[in-house]
Amino acid sequence: MHPLDPLSADEFRAVSAVLSREQGVGDGWRYASIELAEPGKAELAAYEADGTVPARRAIVICLNSSENLTYKSVVRLTDETVESFDLVPDVQANFTVDEFEECDRVLRAHPEVQAALARRGITDLDLVFMDTWTYGGALIPEEFKGRRLGWSDTWVKNAEGANPYANPVSGLHCVIDVNTMELLRIEDAAAGSGADGSGSFERPQVMGEYVPRHIPQRIRDTFKRPPLKPLEITQPEGPSFTLDGNQLTWQNWSLRVGFNYREGMTLHSVTYNDAGRERSVAHRMSFAEMVVPYRDHCEDHYRRTAFDIGEWGLGFMTTSLELGCDCLGEIRYLDAVLHNSAGEPYTITNAICIHEEDNAVLWKHVDHDAGAEVRRMRRLTVSFHVTVANYEYLVYWRFYQDGNIECEVRATGIMVTTPMPPGVTSNPHGTVIDDRTYAPFHQHFLVARLDLDIDGTDNTVFASETVAEPMGPGNPLGLSLTQRNTALRTENEGMQDPDFATQKSWKIVNTNRTTELGHHPAYKLSPTGAFPAMFDPASPVFQRATVIGHTLWVTPNNADERWPAGEFVNQSERDTGLAEWTKNNRSIENTDVVLWYVFGIHHITRPEDWPVMPADVVSFWLKPFGFFDRNPALDVEPSPSAHCHASNAEHH
């Protein structure tokens, strides 16, 4: 087992056995999370150099539900001992899938909830779904302070197997103690308790179905699209990459694939073989947080701000890629092993997909005498898919033959919607997408944690901007552009935002090395998919996630600084991550740095996003800049002629 390999099923069992024996963790407790305590860079270097194997450790967050106390533990798996077991006061651990499912069952079975549904004419409880969300600390009712809380949305299906998210039961929300599964309050607009009276009117007639058998015949009759001919992607000799355990190699690239409950897929030890020299590009890349605030203050939505990574965990929400046609071609899969809240392991089959993709032309030139030279682009794609209640996030890391790395996220799934009273035709905080129904505006902020090591650990980040020189004797036509590269020396300087006017990007540079051309090797972060937070700094939502206030943050690498909005964001009131770390304004020059890149989707909802949303695609790029002395893809072989147009095309 490699030191970075994710925890195995036996190791999860060992963790729960050790803590049961040594600390009495058992009945009345939940395991919120168990993950590998990854060895540091020095330990990994020693392992690679002489085979010194670091101890296997697990970081464990457990919840004593009967006392509402959270504990953080480190379990040494090498000899099955407990290194630490500490109470973390005044925090709430992440929610678990088990709690989510239990809340649904408990609420649907509660007589008061059933009575509230009956007032709306809903009596078939098998068609009802209670979707429990977490609370922001500042929004918790005073009388419920100190509890582990959830609040629920209510949805009802038109039929068995139909889309529950098509029909929100507006104005009906429950507050529940998730430790005791006690219903604390029903907020019922139909009973006159709603602030805006929503939910007390007849529901609109909405067509929110996307599964063919549930789409009304009158709509199916309008479908005129002809079927597509088959598109077969075959690699009769197999893929060009090699997968040895979790070690992946392809076209000069080498990396390790990891997985944990919170980040989902992680990428480690990314290197590029440059003419026989193994050059480091990144130590570790992952998503560290996802913040999804709904920008509508109405009764149905004012609490709706999800921290999908910190409150729930992308790993726990990862779906098996054997369930649909998610990848094409000659595919290799990796399973993922996680645990339930009892500490028992389970396997997500085909959690990670690895395959190659054709991506049109890599480079080309047609010479008047010599003719055409063309190389097609092949890319290696490593992906995983996450379902977070109504939304899907499809994450793709792509590696290119010219040294580029692309991180792409596709958001799809089903929008949250809200009915409007008869006679109301619009809402200023959303878009009308069906009969008396609007979808509220919202935002998806993703935070990528990029521990880049460009030719070594000590790097400096530069803000790179293009400047137009003023017209004058030295620039009479006003043509000249120059490049301004400014070293970011402190954490305050490392708080950066894009500037369209100067086409600002950022270079991660190893100033300790010089190439044959006189450049310092670097990779450039191209700021695509970025947008402003649009929050008042005093907003309690923003106070929990000040990370979204800048597109880029740069900090010195610290093994304890992993979560940009804090380790425990469930029911948080303040950002205890980057907001706190950067107060020290530490040096970030010529040191081991971490970049925190904030990007995502500013979702101004559309009718075309309903009833299921076509994938909205955002990405960012890491591009070599002076890392190589020339195009590193010069040695890509031309495609066999049998695969090209000359033998396969029809001319009309």
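Me: How many Å separate the centres of domain 1 and domain 3?

Reply: This is a predicted model, in which local features need pLDDT of at least 70 and side-chain atom pairs pLDDT 80 or more, while totals for chains, interfaces and linings use all residues. Residues are numbered from 1 along each chain as its sequence is written, and side-chain values use heavy atoms, without hydrogens and water. Taken over C-alpha atoms, the centres of domain 1 and domain 3 are 29 Å apart, the bounds being 9–88 for domain 1 and 242–625 for domain 3, as given by an automatic or database domain assignment.

Me: How do you know that domain 1 and domain 3 are in contact?

Reply: Contact means heavy atoms within 4.5 Å, and 19 residues from domain 1 and 23 residues from domain 3 take part.

Me: What makes R562 and E35 a salt bridge?

Reply: The term requires a side-chain nitrogen of Lys or Arg within 4 Å of a carboxyl oxygen of Asp or Glu. The closest N and O atoms of R562 and E35 are 3.0 Å apart, so the pair qualifies as a salt bridge. Across the interface of domain 1 and domain 3, six salt bridges are found by this rule.

Me: Why are ten residues in the lining of the largest cavity called nonpolar?

Reply: Ala, Val, Leu, Ile, Met, Phe, Trp, Tyr, Cys and Pro count as nonpolar, Asp, Glu, Lys and Arg as charged, and the others, Gly among them, as polar. Ten residues of the lining therefore belong to the nonpolar class, beside three polar and two charged ones.
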